[in-house]
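Open the model in your viewer and keep the sequence panel beside it. Each stop below says what to select and what is there.

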Amino acid sequence: MTGDASDAVDIRNALLRLRRTTGLPVAFGGLMEAGHQMRISELSGTATHALRSLVVTSGNGLGGKAVALARPCVVTDYSVSRRISHEYDAPVAVEGLRSVLAVPVVVRHRVRGVLYGALRAARPLGGRILDAAVEAARDVERALVVRDEARTLAAEAGAAGAGREQVREAHAALRALAPKIADERLRAELLDACALLTAGSSPPPRVRLAPREVDVLACVAAGATNAVAAERLGVTPETVKGYLRSAMRKLGARTRGEAVVAARRAGWLP
């Protein structure tokens with residue numbers, strides 16, 4: 001599966017974290033493509049472009065071994081290691097790499113990419129370095145999980161023949177998920193997906209709702225009770241009531257149903 005530009009940014013950020021937390025001077029990686037191949041697309045700290053766009057097949061070399069086994073793999077001296085095959089010795093030698101680790105990015109039991117870290121000297125890469133590299137890969141995994149869910153919900157909502165209730169449920173699910181995401185860029189992407197579901201109208205300047213008020217109204221519009229909305233949003237039922245009262249006041253609504261209708265007319269809900 002080839003990732004989009006946002007996925008590539010996740011790999012790039014993870015490589016920077018890998019170098020920062022491990023002290024390794026070189027890091028590179030990429031996402032899986034069709035079949036059992038991974039393309040190295042992101043480089044950090046490299047001196048040449050020898051590794052750029054290199055296609056790694058499952059089972060081949062260090063990265064291919066990590067893909068095949070779905071677990072981290074390490075060699076102390078790449079070119080002479082008997083633990084891997086040597087299809088990629090030439091570009092590795094051009095870059096001057098010796099000690100190399102490869103950590104797979106695994107989402108729902110499927111390898112989605114590989115992160116590498118390397119030294120230009122043949123020295124053992126200890127457990128602390130490997131643990132930090134694994135944590136960098138986990139960052140990518142978490143981002144991919146969230147983005148996959150957002151894509152799935154948006155695709156289901158936008159598919160031909162999708163009912164309005166499905167759209168509203170998808171919108172409510174995305175709104176409930178967004179506040180739980182610490183990464184600001186990723187959270188913004190989810191909210192952009194929400195905006196796609198309400199495309200077609202813009203809220204008039206005189207009606208301004210707080211994000212949490214919209215979250216609560218989205219849950220209510222999908223049929224959730226205050227208790228269910230509270231569970232989805234990670235707040236108390238009393239907090240939900242407070243946001244709902246505030247939204248109703250701003251929208252000039254006397255009931256929950258009126259608030260939902262008014263929010264839809266104002267462009268806040270699908």
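Is arginine 108 buried or exposed? Select arginine 108: with 58% relative accessibility, this residue counts as exposed, where exposed means over 50% relative accessible area, buried under 20%, and partly exposed in between (1.4 Å probe, protein chains only).

Before going on, note that this is a predicted model, in which local features need pLDDT of at least 70 and side-chain atom pairs count only at pLDDT 80 or more, while totals for chains, interfaces and linings use all residues. Residues are numbered from 1 along each chain as its sequence is written, and side-chain values use heavy atoms, with hydrogens and water left out.

**Stop 1**

Arginine 108 sits in the loop between strand S6 (100-107) and strand S7 (110-118). Strands (E, at least two residues) and helices (H or I, at least four) are DSSP runs, numbered from the N terminus. The phi angle of arginine 108 is near 50°, a positive value in a residue other than glycine. Now select histidine 109, which is in the loop between S6 and S7. Its phi is also positive, near 65°, and histidine 109 is again not a glycine. Histidine 109 counts as exposed because its relative accessibility is 83%.

**Stop 2: the sheet**

Colour the strands. Five of them form an open sheet in the order S3-S1-S7-S6-S5, with antiparallel pairing. Two strands pair here if DSSP finds at least two bridges between them. In general, strands of a sheet pair through backbone hydrogen bonds, either parallel or antiparallel.

Which strands are at the edges? They are strand S3 (42-44) and strand S5 (73-75), each pairing on one side only. From one strand to the next, the twist averages 15°; axes are lines fitted to C-alpha atoms, for helices over the stretch in contact, and angles run from 0 to 180 degrees between N-to-C directions.

Select strand S1 (residues 26-31) together with S3: three bridges join these antiparallel strands.

**Stop 3: helix H1 and what follows**

Helix H1 (residues 5-22) packs on the sheet and touches S1, S3 and S7, where contact means heavy atoms within 4.5 Å. The direction of H1 makes about 155° with that of S1. The 18 residues of H1 should span 26 Å at 1.5 Å a residue, and the end C-alpha atoms are 26 Å apart, which agrees. The expected span is 1.5 Å times one less than the number of residues. Buried residues of H1 include Ile11, Ala14, Leu15 and Leu18.

Step past the end of H1 to glycine 23, whose phi is positive, near 80°. Then select leucine 24, in the loop between H1 and S1. Leucine 24 counts as buried, because its relative accessibility is 2%. Leaving aside neighbours within four places in sequence, leucine 24 is in contact with several residues, among them Leu18, Leu101, Gly117 and Ile129.

**Stop 4: salt bridges**

How many salt bridges are there? The count comes to 13, a salt bridge being a side-chain nitrogen of Lys or Arg within 4 Å of a carboxyl oxygen of Asp or Glu.

Start with arginine 175 and aspartate 215, whose side chains meet in a salt bridge (2.6 Å, N to O). Arginine 175 lies in helix H5 (residues 164-177) and aspartate 215 in helix H7, so the pair ties together parts that are 40 residues apart in sequence. Both arginine 175 and aspartate 215 are buried. Apart from neighbours within four places in sequence, aspartate 215 is in contact with Arg175, Pro179 and Leu233.

Next, select lysine 250 and glutamate 213, which form a salt bridge with the closest N and O atoms 3.0 Å apart. Lysine 250 is in helix H9 (residues 237-251) and glutamate 213 in helix H7, 37 residues apart. Lysine 250 counts as partly exposed at 38% relative accessibility, whereas glutamate 213 is buried at 4%.

Finally, select Arg17, Glu135, Asp139 and Arg142, which are linked in a network of salt bridges.
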